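Please keep the structure open beside this note while reading the numbered points below.

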Amino acid sequence: DSSPVTESRTGTSFPVVLRDSQRLLGVGLRRKAILGLKNIDVYAFGVYADDADVKECLSEKYGDLSASELKGNEKLKEDLMECDVSMTIRLQIVYGRLSIRSVRSAFEESVGSRLQKFSGSDNKELLQSFTSQFKDEYKIPKGSIIDLSKERGYVLRTMIDGKEVGCIESKLLCRSILDLYIGNEPFDRKAKEDVELNLAALLGK
Ligand code: DAO
Ligand code: DAO
Ligand code: DAO
């Protein structure tokens, strides 16, 4: 139950438990095409959720279903979002020349498209309130660890190498970020499937 899980393409490893109660549900890779030419590996990621939160809010409704009945259940996803489970997306940077400017513009593109999808508006202010946390003087060299943690109350806390850089309360932003990893067009399909399988196993019988 305790040896770390390795993301195979990058060799990056992730602890199976974070902050005492969050369990690793899947790992994956974020790639990005540059200049429309080649894909670069930008970061490996791990998706974590609080076991007890998941069980507490979902087992009454879903506990009688089998793991295969739970897998890919869209209503379950909705409910999970509604019931405010503590989660973390951990990013481990593998690209060696990441600038804050490129992080900001990638974020505006990826998260911006989800804000549009979920709310029907571009939410410029919300996006800026998040990206303004990324100060130009920050460095995120290869090996940096960024935790995006969703706490109870839809508070999104960002930490770089264990140091808090900002905290924003927004259900829409939490949902939009989660959608990058476990939504309909995830960065890494296999990672999303693993998350679904592990959640189903956690809940189902
Ligand atoms: O050097 O222009 C370049 C390529 C940079 C790609 C940046 C992708 C950034 C993805 C977001 C990273 C979030 C930590
Ligand atoms: O991969 O497109 C993407 C979005 C990733 C979310 C990245 C949030 C990064 C916050 C890092 C702050 C660095 C100063
Ligand atoms: O709506 O795309 C979105 C984000 C929803 C996040 C909710 C967590 C869903 C976890 C999926 C597991 C389903 C078995």
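1. A residue is counted as near a molecule or strand if its C-beta atom, placed from the backbone, lies within 6 Å of it. By that rule, the residues around ligand 1 are Lys32, Ile34, Val42, Tyr43, Leu91, Arg97, Leu98, Ser102, Val103, Ala106 and Ile146.

2. This is a predicted model, in which local features need pLDDT of at least 70 and side-chain atom pairs count only at pLDDT 80 or more, while totals for chains, interfaces and linings use all residues. Residues are numbered from 1 along each chain as its sequence is written, and chains are lettered from A and ligands numbered from 1 in the order in which they are written.

3. Strand S4 (22-34), strand S5 (38-50) and helix H4 (100-119) each give at least two residues to the shell around ligand 1, and H4 provides the largest share, 3 residues. Here helices (H or I, at least four residues) and strands (E, at least two) are DSSP runs, numbered from the N terminus.

4. The shell around ligand 1 divides into 8 nonpolar, 1 polar and 2 charged residues, where Ala, Val, Leu, Ile, Met, Phe, Trp, Tyr, Cys and Pro count as nonpolar, Asp, Glu, Lys and Arg as charged, and the others, Gly among them, as polar.

5. Around ligand 3 there are 15 residues, of which Lys77, Leu80, Leu178, Asp179 and Gly183 come nearest. Helix H3 (74-82), helix H6 (171-182) and H7 each supply at least two residues of this shell, whose residues divide into 9 nonpolar, 2 polar and 4 charged.
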